Amino acid sequence: MSGRNVSEAELAEHNKPSNMWLAVNGDVYDVSKFARLHPGGARVLEELAGRDVTEEFYELHRHDVLAKYARLKVGSLESGKSSVTVGSGGVPFAELPAFQGQESPFYNESHRRFMKGMQSFVQSELVPIAATHDLSGEYPDRELQGKLGQKGIMISRMGPGPWLNEAASLGIEIPGGVNPQEIDYFHESIAHQEIGRVGLPGFIDSLGAGWLISAPAIYHFGSEEMRRKVCSQLFRGEKWSALAISEPFAGSDVAAIKATAKKTPDGKHYIVNGVKKWITEGAYADYFVTAVRTGNSGAGGISLLLVERGEGVTTSQIKTTYSTAAGTALVIMTDVLVPVSNILGKENDGFKLIMYNFNHERWMISQSLLGQMRAALADAFMWARQRKVFGKPLIDQPVIRNKLASSVAAMESVQSYSEVLTYDMGKSKDGPVGQRLAGPIAMLKYQTTRTAWKIADDTVQILGGRGITRTGMGAKIEGLKNFAKYAAVYGGSEEIMADLAVKQALRGFPKQARL
């Protein structure tokens, strides 16, 4: 029946409370039985029954609501009338400038294919479940983690490196059919931003925020046996990992951690005791890359251990202001027996390894946040065009155009800064982990989170009440509003980032320089 043509005259006949049809974007829906379940009540549907309500629908709902209720479709308008284009394609600033006509020296056809592959995965595998998981707080299941692994999403988000040589042997595909050897930091940036554009930060972080800052450490600093066994499981999505550094006693001051690892009398194991807090994806991780104290106080007594979930490891969900889907956890380790072979790097050398990981993490946070900012602005643009106030589109108001312009200018400035740094990372001998780039990357993260605050402020004002509502038209704006503060804290607070950038710059300050 859903394939039949419906004339406008026939549509008009179905205008009674017990017999209601509505047309939206060329399709006709029977909402007679649905009316009593309608969140806005039956009366509003009764008043609109028998009409084409496309304009009214898009003032109240996102297009994906239609997919949710596709079972109600009875046909299509005989006139073939369809006035709405679905998605943000062609919307100003909805894509990276390089993919909206800008001439860029940084991207090539490989990046375009990769972007299309990422967008296909996001639309087919993530978007259909994102809102439900984010709202319910449901953790990702092993099937989803397996898809993230086998489809090359996780290994691509690690960026260029020797791990990509293992993709083929592990049966891992790369998005867009890109050769693993072609992957550079711009491919990785695209991956983070495309996932970021889902716009629901708790759900986004459940897709590997903890994995991406722990798996590389295992690969870089673990034994050959760890790379063979553990990393292959992680790359395929068969297991998951998290980074366990922060404690109730120590956040930015990593050198102050209190968790301990003491060797057994036979020297074959460490006994680990301690509490870790705010561990992203910790609620469902199988492995924890854990900072422990094996020596004296201070940075010189810290080691990194790979702790497998098992006896003595308990995790509990911490409820924060974004979705529990991200599995932010309190992790308690009580007399956990860990083989000494699970040491990452050398004993008492862990502080240096933790610092080694930070540059890339901070850059990665910036990429995800850029994707979320772009999604929020695209939605704000579309909303401003379709929302009518005082008899005309919202975007006709100069104050709205001003907010959009200032937010876009701020976002694209950060994007440009990010691209220059990303190019530098690819050309520098030590990549993102080199000491020279610590300051610039810290400055990038600082400016990205500051800009996110501005864009969240502007877009919430444009969306009004919808911008502070977790579901519906303003969900991505509400998500950015929450996540901007997360990003300003984790991976190094804004204050620490700004201070680090200036202190590093001062190292090269000419001693004799004067005004």
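**Helix packing and cores in a predicted model**

In this predicted model, helix α13 (residues 398-427) packs against helix α14 (residues 438-463) at an angle of about 160°, and their axes are 10 Å apart.

Q: Why is α13 called roughly antiparallel to α14?
A: The angle between α13 and α14 is about 160°. Angles over 145 degrees count as roughly antiparallel, and therefore α13 is roughly antiparallel to α14. The crossing of α13 and α14 is left-handed.

Q: What makes the contact of α13 with α14, and how do its residues divide into nonpolar, polar and charged?
A: Among the contributors are Leu 404, Ala 410 and Val 414 of α13, together with Leu 444, Thr 451 and Ile 462 of α14. The residues of this contact comprise 14 nonpolar, seven polar and three charged.

Q: What makes up the largest nonpolar core?
A: This core has 128 residues, and Leu 404 is listed among those with the most contacts inside it, as are Trp 211 and Phe 288. Helix α12 (residues 350-386) gives the most to this core, with 16 residues. Another core, of 15 residues, lies apart from it and includes Phe 34 and Leu 72.

Q: Which residues of helix α6 are called buried, and what covers them?
A: Buried means under 20% relative accessible area; in α6 (residues 142-150), Leu 144, Gln 145, Gly 146, Leu 148 and Gly 149 are buried. Their cover includes α5, α7 and α11.

Terms used:
Residues are numbered from 1 along each chain as its sequence is written. This is a predicted model: local features need pLDDT of at least 70, side-chain atom pairs count only at pLDDT 80 or more; totals for chains, interfaces and linings use all residues. Side-chain values use heavy atoms; hydrogens and water are left out. A nonpolar core is a set of buried Ala, Val, Leu, Ile, Met, Phe, Trp, Tyr and Cys residues joined through side-chain atoms within 4.5 Å. Buried means under 20% relative accessible area, exposed over 50%, partly exposed in between (1.4 Å probe, protein chains only). Helices (H or I, at least four residues) and strands (E, at least two) are DSSP runs, numbered from the N terminus. Axes are lines fitted to C-alpha atoms, for helices over the stretch in contact, and angles run from 0 to 180 degrees between N-to-C directions. Angles under 35 degrees count as roughly parallel, over 145 as roughly antiparallel, 65 to 115 as roughly perpendicular and the rest as oblique. A crossing is left-handed if the near helix is turned anticlockwise from the far one by less than a right angle, and right-handed if clockwise. Contact means heavy atoms within 4.5 Å. Ala, Val, Leu, Ile, Met, Phe, Trp, Tyr, Cys and Pro count as nonpolar, Asp, Glu, Lys and Arg as charged, and the others, Gly among them, as polar.
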